[in-house]
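Visitor: Please take me through this structure one feature at a time, giving the general idea before the particular case.

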Amino acid sequence: MARMKFYCDAERCIECNACVTACKNENDIPWGVNRRRVVTIKDGEQGERSLSVACMHCSDAPCAAVCPVDCFYTTGDGIVLHDKDICIGCGYCFYACPFGAPQFPKDAAFASRGKMDKCTFCAGGPEEDNSSDEFKKYGRNRISEGKLPLCAEMCSTKALLAGDADVISDIYRKRIVNRGGSAFNWGVSSNIKG
Amino acid sequence: MRIQTLLLLFCLVLPQLSSAAGPPKSQDSPQGVSSINPGADLWREVRQRDGEILEGISQVKSVDSGFLINARGDEWARFRITKLSSYGGIAIAAIFVIVTLLYVVRGKIPIEGGLSGRMVRRFTDYERIVHWTLAIVFLFLAITGLILLLGKSLLLPILGKEVFSLFASASKEGHNLFGPLFLVSLIMMFLSFARRNIYENGDLTWLLKGGGLIGKGHVSGGFFNMGEKTWYWMVILIGFVIAISGLILVSPFFGQGRWIMELSHVVHTIGALILMTVSVGHMYLGSIGSEGALEGMKSGYVDINWADAHHDRWGKVCHDENLIVSAEDYARLQGRKPGDTGELATEQGK
Amino acid sequence: MIEYLIDGPLWYFSLAVFCIGVLWQLASIVFAKGKTDLSVARGSAGRGAIRNVFSRFMPHREIAPQIRVQVVAGYMFHLGLFALLFFAAPHVLFLEEHLLGFGWTPMPHWAFIVASQFAFLGLIILWLRRMLNPVSRLISTLDDHVAAILTFIVMLTGCLALLEGFTALRLLHRFSVELLLIYFPFSCLMHTFTFIPSRAFTGAWFGRRGIDA
């Protein structure tokens, strides 16, 4: 069985935010919820790098471990999803996630948290595949159509890779080899020192 | 001519030689190229958990959106699951066991000479209202809080995910709404009882004698004994910490980072567990553990024998200032027919 | 099945019992025959009636210190409840959809929460006072306790369903409301409407004699 993962090539990411926009548009995400974001380290300085971050679909997900109502489940492909019908909006998964993937709509009750929303690897949720209920709650289900997540498909420099872990690591390894041994030949954000 | 050709050939070959030797190693590169991967130093810095966590920026502006990795989150999650839930559950179970054992071994602590039926006023209406308001709010918060902390391990296997999530959602909303009520009740309790709970001479003696709980023997106490005062200050101080951390947790719209939420959560839970365990002891001693104790919080009056046995310095004041109410008068005050003194007076005490 | 009953027939039944019951009770008060005052009128009954309806919102100076708890907690509860009932967003939406056909601007969410906290605290303090004060306890009937507890249950179930994501919790709240509506006309809760004719009568009776009640 495949083990689905994301990998963002920091040397290619140009911070265009196409992945962010594609995700928001395709999954019809409400205002205030950010499934994917691009984080830039050392912005404006030499050695600036950007990474596109969303749910990393961890094999031993801390969000699933800490959830007090156990609303998370992992599909056969290794994609970590959750059931919004069970979620109580407590926010613990947001505290536990190293990447800050879980998001909460701001329009709900006193604790200002509605049901949690996060990147689903474009694999929908527990509802029936490609039903309108599933789209309303979880967004597009591309995996059931045999496609890959839209963020990776829309990446302008193919920095963001999504798919089976073996395939991705293979692609990345080939890139490293092709980039050669000299620092002069490194990707877009190359520089002599750092 | 030959030397020039050789020199030319040499110059052409030289760069090929150097690149054929492979990628320049960091130690022996004369030009100062730092490493193979130009980002290696940066990522090493990002991965340092103990050092300064490198915070980036993001075009997406939300809480902590600039943080690439928050490693403390996983630490907090593991702490909550492995230590907080399990030790907390054990503590709650343990106090019930201890209290049961205490009752089985020691039984209801009687008053020497029994109850007389002659009463003295201890708490006003308002003071009792404050106490029971705090008690009801606290019990509700305790039960809903325990469902959130322990429900996944104890209730979910029995009820199933759908039904349990109903309870959990109800508990979370109820807990969040009643939280500020706890703060208000706490302030009311502080204002009502603070003066009488200030430690004074004689409290240390009370503590050293074990409060009379161990063995027999008369221990002197004021209006409140040292045990009650300590419990009072625990409720006020730990209660305030719980309330403040709870307010932080329940209002995420001020943009608090995750570390402050995690810290508040830990402080909140540990404080609550401490208060819950000691409150079981308080509830036991105030009701079935000690003869004549509950009456004070129900009607506001306590038996004079009870006052002399447990709070003799205050009892003496009641004797001196003639504040004692006879059994008949007390029955009348409580709306009972004269002569019907209820179950308060015992044969020996009259 | 249960959802259909609670959202359908039981809702209409409870509404009918409430409306007819309240009107019947009020009519029986308004049309009741009373003693005729044969003395010469020294003041105006009408003015006395209207004056008394509003003046009784504050306690008399002589007894005010003794009933501070009831006044403060009472206002907290009633004002909070009024704000909740008519200006909380889910209620405004409900009234618009299921009853009136029109709505109005609801409170902001934080105001909804603050109002509900005032209401809860007020009700808890009031009920505790009823239980702890020996006089109140003596003269309280089962009706008084049931009314307080039923109101508390309605508020509590509403609070528990605050996330608005679980049907069972919403149904629990709605069911408790229907029970309250059915209980309402036969209980002390009728004070919601009867306080007006009650104060008016007293005000008129004494106003006619020239006394400010």
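Predicted model: local features only at pLDDT ≥ 70, side-chain atom pairs only at ≥ 80, totals over all residues.

Guide: Let us begin with a helix pair, α6(B) and α8(B), where α6(B) passes α8(B) in a left-handed crossing. A crossing is called left-handed if the near helix is turned anticlockwise from the far one by less than a right angle, and right-handed if clockwise. Residues are numbered from 1 along each chain as its sequence is written, while chains are lettered from A and ligands numbered from 1 in the order in which they are written.

Visitor: At what angle do α6 and α8 of chain B pack, and which residues make the contact?

Guide: For such an angle, axes are lines fitted to C-alpha atoms, for helices over the stretch in contact, and the angle runs from 0 to 180 degrees between N-to-C directions. Here α6 (residues 161-193) and α8 (residues 226-250) of chain B pack at about 150 degrees, with axes 9 Å apart. Angles under 35 degrees count as roughly parallel, over 145 as roughly antiparallel, 65 to 115 as roughly perpendicular and the rest as oblique, and α6(B) and α8(B) are therefore roughly antiparallel to each other. Two residues are in contact if their C-beta atoms, placed from the backbone, lie within 7 Å; on the α6(B) side the contact includes Gly179(B), Phe182(B), Leu186(B) and Phe190(B), and on the α8(B) side Ile236(B), Gly239(B), Phe240(B) and Ala243(B) are among the residues that make it.

Visitor: At roughly what angle do α2 and α10 of chain C cross?

Guide: Helix α2 (residues 9-30) and helix α10 (residues 191-208) of chain C cross at roughly 15 degrees, their axes coming within 11 Å. Both helices are therefore roughly parallel to each other, and the crossing of α2(C) and α10(C) is right-handed. From α2(C), Val22(C), Leu26(C), Ile29(C) and Val30(C) meet Phe193(C), Thr194(C) and Pro197(C) of α10(C).

Visitor: How many helices and strands are there in chain C, and how many in chain B?

Guide: Chain C has 10 helices and zero strands, whereas chain B comes to 13 helices and four strands. A residue is buried if 20 or more other C-beta atoms lie within 10 Å of its own, exposed if 12 or fewer, and partly exposed in between, with C-beta atoms placed from the backbone. By that count 27% of the 213 residues of chain C are buried, and 33% of the 350 residues of chain B.

Visitor: How many residues of chain C are in contact with chain B?

Guide: In chain C, 22 residues are in contact with 19 residues of chain B. The elements α6 (109-132), α7 (134-139), α8 (142-160) and α9 (167-183) of chain C each supply at least two residues of that side, and α6(C) gives the most, with 10 residues.

Visitor: What is the order of the strands in the open sheet of chain B?

Guide: Strands of a sheet pair through backbone hydrogen bonds, either parallel or antiparallel. Two strands are taken to pair if DSSP finds at least two bridges between them. In chain B, three strands lie in the order β3-β2-β4 with antiparallel pairing. At the edges stand β3 (301-303) and β4 (324-325) of chain B, each with a single partner strand, so one side of each is left without a neighbour in the sheet. Two bridges join β2 (residues 119-121) of chain B to β4(B), and Met119(B) stands opposite Val325(B).

Visitor: Which strands form the open sheet that includes β1(B)?

Guide: The order in that sheet is β3(A)-β2(A)-β1(B), and the pairing is antiparallel. Its edges are β3 of chain A and β1 (57-58) of chain B, each with a single partner strand. Two bridges join β2(A) to β1(B), and Val39(A) stands opposite Ser58(B).

Visitor: Which residues of α1(A) are buried, and what covers them?

Guide: In α1 (residues 18-26) of chain A, the buried residues are Ala18(A), Cys19(A), Val20(A), Cys23(A) and Lys24(A). Their cover includes β2 (37-41), β3 (49-53), α5 (150-154) and β6 (160-164) of chain A. Just after α1(A), Asp28(A) takes a positive phi of about 55 degrees.

Visitor: What pLDDT does chain A average?

Guide: The pLDDT is the predictor's confidence in each residue, from 0 to 100. Chain A averages 87, and 89% of its residues score at least 70. Over residues 182-194 of chain A, however, the pLDDT is below 50, although this stretch has 33 contacts in the model beyond near neighbours in sequence.
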